[in-house]
Amino acid sequence: MKVLNVAEKPSVAKAVATILSRNQGLRVREGRSRYNKLFEFNYSIRGQHCQMVVTSVIGHLMELEFEDRFRKWHSCDPAHLYHAPVRKFVPEDKLDIKRTLEEEARKCQWLVLWLDCDREGENIAFEVLEVCTQVNRHIDVWRARFSALIDREIHESVQNLVRPNQLFADAVDVRQEIDLRIGASFTRFQTMLLRDAFVLDFVANDRNLVLSYGPCQFPTLGFVVERYWEIQSHEPEEFWTINCSHKSDEGTSTFNWMRGHLFDYTCAVIIYEMCIQEPTATVTKVRHQEKLKYPPHPLNTIELEKRASRYFHMSSEHTMKVAEDLYQAGFISYPRTETDCFSERTDLHGIVQEQLGHPIWGSYAQRLLDPGAGLWRNPGDGGHDDKAHPPIHPTKFSAGESGWSQDHQRLYELVVRHFLACVSQPAVGAETIVEIDIAGESFSSSGRVIIAKNYLDVYRFESWGGSMIPTYVFGQQFIPTTLTLDSGVTRPPPLLSEADLLNCMDKAGIGTDATMHDHIKKLLDRFYATKDSNTRFSPTNLGEALVMGYDDMGYELWKPYLRSMMECDMKAVSIGTKRRNEVLTTCLEQMKACFLDARLNKVKLLEAMALFFERSNRSSGDEQHEVGDVVRQCTLCQESDMVLRRKPDGNFMVGCLGYPQCRNVVWLPGSISEAAVTTISCNHCTPGPVYKIQFKFRRLEIPPNYNIDHLGCVCGCDEILRQLTEICGTGSRICSTVPAARGRGSNASSTNAQRSNTRQTACIHCSQTGHSSNDCPSWVPRSRNSQSHQTNMPSGESSIPCNVCGTPCILRTANTENNREESSTHVNLRSATSLYGRIASTAAVGEEVLNLQLPGAQHLIPAGGVAEAEVTVAGVVRVEHAPATPLSCQQLVILYLVEDVSFVEIHHILQMSALIEECD
């Protein structure tokens with residue numbers, strides 16, 4: 001029978017193959033990946049002869065990612081990431097490993113998974129299982145469970161194979177998907193909102209900076225910021241205390257005031273004066289007791305990281321890297337474990353016996369094994385058992401290896417000394433406590449004598465100081481040598497050390513033993529926190545601003561509670577008390593609600609950032625990508641969403657998030673002051689859903705008969721919105737400027753003014769600068785000569801090509817009975833009609849006066865009584881009679897005051913007509 005064995009790392013595969021083959025008959029050949037070799041040898045499993053093939057992966061074989069249309073940052077609204085489809089796939093750099101597994105699986109009858117025996121390893125095991133079973137559905141899958149790369153463990157595990165644990169793998173799948181969706185949505189939101197809005201001068205190239213959010217990373221940052229705020233808000237307060245000492249032939253005792261201290265100076269002085277007036281001290285209690293200092297519990301991952309940080313100032317990340325090296329070399333057991341209690345079947349004496357030859361602690365190991373010394377004690381139970389691995393302990397003797405660094409030596413020593421200490425008797429001391437009374441005030445003093453150091457003899461990292469005090473008896477009286485009233489001030493707590501931070505994370509359930517050090521490293525990598533030489537953490541301005549922004553929103557996203565509940569749910573999945581989909585749905589719905597509220601209150605983030613950073617005045621490369629509320633899916637690229645955006649000039653548009661690959665855009669009227677996407681869907685436009693937008697228009701920029709509030713659809717079915725777009729254009733009139741031409745200047749000066757205005761004024765069609773409205777590439781006016789009359793064959797009516805769409809438009813005479821009847825059913829633009837009529841009455845015969853995008857212009861009845869004027873749908877007025885004199889400034893004022901024509905409407909006309917030669 002041929003058996004395929006797969007380990008998590010190449011070094012583990014080599015170690016397993018070497019141990020099982022006993023280094024005899026071991027053959028090595030190359031796989032498709034040059035890093036993952038194959039080891040072949042013969043072996044017997046449960047009495048059955050097997051041809052073993054051992055290879056490896058490199059950590060996770062697969063990655064979880066969104067489908068391609070959601071992977072680009074600007075491809076969709078981040079809120080959609082909570083429900084966007086995801087897929088698990090083998091990335092490009094691991095395809096060679098996949099091909100090796102497929103080729104070998106086809107030829108094997110058994111698959112034995114030698115992945116690390118924790119939840120993460122179980123998930124990797126199922127990734128390998130999926131690849132292998134796709135090419136060989138009949139392969140028999142087994143799981144080897146081991147905790148150390150030593151002969152005893154490996155041989156025992158291969159003879160006691162079990163089935164893989166689907167629940168462990170499901171728990172990791174849940175965590176991966178939750179972290180991906182939450183992390184991606186908040187990271188995109190934060191980065192696109194803040195990166196280009198502020199000058200982030202702490203990095204060389206802030207345009208590539210990612211302001212990441214992680215469900216574990218952010219609560220970890222919260223611990224750092226919270227302690228920092230506690231220190232910053234601390235106000236020193238003075239206090240007073242009474243100190244007493246007594247010197248005798250046997251030595252000096254210091255007595256502490258049992259009130260501690262008082263913040264009221266007057267009260268402290270009164271009590272002190274009472275003691276001074278009656279200074280005789282009377283012994284009221286003498287207590288002798290035995291005191292024990294217990295050894296530590298067996299070593300788990302968190303405790304290893306905390307102690308390495310406290311004793312050696314090693315970072316948690318570096319600690320785990322060194323521990324992994326020692327594990328793969330077979331010197332310690334698996335370093336990622338939550339367990340802090342040994343099982344009954346662990347050969348503790350055998351582990352101690354391996355250390356007898358060490359030149360430093362070998363003699364202590366000998367005393368432990370000597371029954372007459374009475375030093376042995378079964379280790380305590382820390383109360384944690386992950387059912388996967390034992391506590392960290394030495395698995396092979398070493399007096400020091402040539403290739404080891406100082407940190408390897410230190411960590412191996414810590415593991416060994418810790419194990420020897422946890423199987424030792426506690427230290428024993430005799431403690432004496434003496435209490436005295438002075439004028440009704442109680443004072444106490446204590447001393448300790450160490451009787452037996454026991455575990456402290458080997459565990460040099462801890463001490464238990466002893467201090468002798470003179471002998472006192474009940475009722476004894478004496479006069480204190482000193483009696484003083486001393487002052488002090490309260491002090492804030494220190495910054496969190498790495499050991500403190502790990503302790504906070506462990507208590508709150510943030511992360512796992514295998515991931516906590518990664519979350520801490522992320523804080524430093526993302527410039528959210530710094531760590532000083534004493535391994536104490538301070539938040540950066542960026543880290544503090546982010547936490548402050550979310551705190552001001554009222555959401556405690558930086559607190560550990562949400563993540564702690566998620567970790568409990570994932571643990572419930574791993575033991576089968578909760579289902580995978582149930583936990584996914586609950587967590588994602590909860591976090592999506594938080595995300596949506598955070599986005600609505602994004603001004604809080606901006607305000608918090610503004611306290612620490614200067615606003616950036618640069619043009620953001622992502623301005624066109626600023627994600628707004630989704631209106632519909634893009635019908636052009638059919639991949640990204642169309643969202644409502646506000647352009648830098650204040651105007652609104654609906655554009656595709658796939659820009660610049662997709663340039664689909666809907667330009668909106670420039671007279672809009674406010675716009676917001678609603679949850680109301682349009683019943684006419686397909687494919688849906690198409691969400692309507694609530695618009696608010698500036699009153700002075702729209703005709704009087706239009707309402708300033710309008711709920712409309714931008715996808716073509718809304719006639720009112722289309723009319724207002726044609727009337728108002730897509731650029732705001734508020735920011736437009738009229739060329740300054742006081743008096744009658746020359747044509748040259750007028751031309752120069754127009755050129756200057758071209759450079760400074762935004763085009764009314766596309767709202768861009770650099771060209772005039774007449775030269776806009778998105779607006780193609782037709783020349784007078786090209787507007788030849790055509791005959792509409794079905795009706796026999798004359799028509800003219802439309803300047804907007806090019807289609808034939810029917811020519812209508814203004815003062816006709818039909819037009820008067822039709823005008824009653826359309827919007828009556830009285831004030832605009834009056835002005836247009838006055839200007840038309842001054843035009844030359846045949847002159848094209850106005851080229852306005854005015855819907856229903858054929859229904860306008862000029863108030864000036866120009867019966868011969870012809871008006872097209874596109875708004876082209878043709879005058880067929882001799883002109884009067886041009887309008888003067890006085891006439892314009894009359895129109896403004898008497899005819900109720902707004903200034904903005906007059907301004908609009910003047911911009912598009914050269915009729916008025918002089919206008920202030």
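Tutor: A residue is called buried under 20% relative accessible area, exposed over 50%, and partly exposed in between, using a 1.4 Å probe and protein chains only. This is a predicted model, where local features need pLDDT of at least 70, side-chain atom pairs count only at pLDDT 80 or more, and totals for chains, interfaces and linings use all residues. Residues are numbered from 1 along each chain as its sequence is written, and side-chain values use heavy atoms, with hydrogens and water left out.
Student: Okay! So is E413 buried or exposed?
Tutor: E413 counts as buried, because its relative accessibility is 14%.
Student: Which side chain does E413 meet in a salt bridge?
Tutor: That of R417, at 2.7 Å from N to O. A salt bridge means a side-chain nitrogen of Lys or Arg within 4 Å of a carboxyl oxygen of Asp or Glu. R417 is buried too, at 7%.
Student: Where do R417 and E413 lie?
Tutor: Both are in helix α13 (residues 406-422), four residues apart, about one turn of the helix. Helices (H or I, at least four residues) and strands (E, at least two) are DSSP runs, numbered from the N terminus.
Student: New topic: how many salt bridges does the structure hold?
Tutor: There are 48. One of them joins R29 and E40, at 2.9 Å from N to O. That pair links distant parts of the chain, with R29 in strand β2 (residues 27-29) and E40 in strand β3 (residues 38-45), eleven residues apart.
Student: And how accessible is R29?
Tutor: R29 is partly exposed at 27% relative accessible area, while E40 is buried at 13%.
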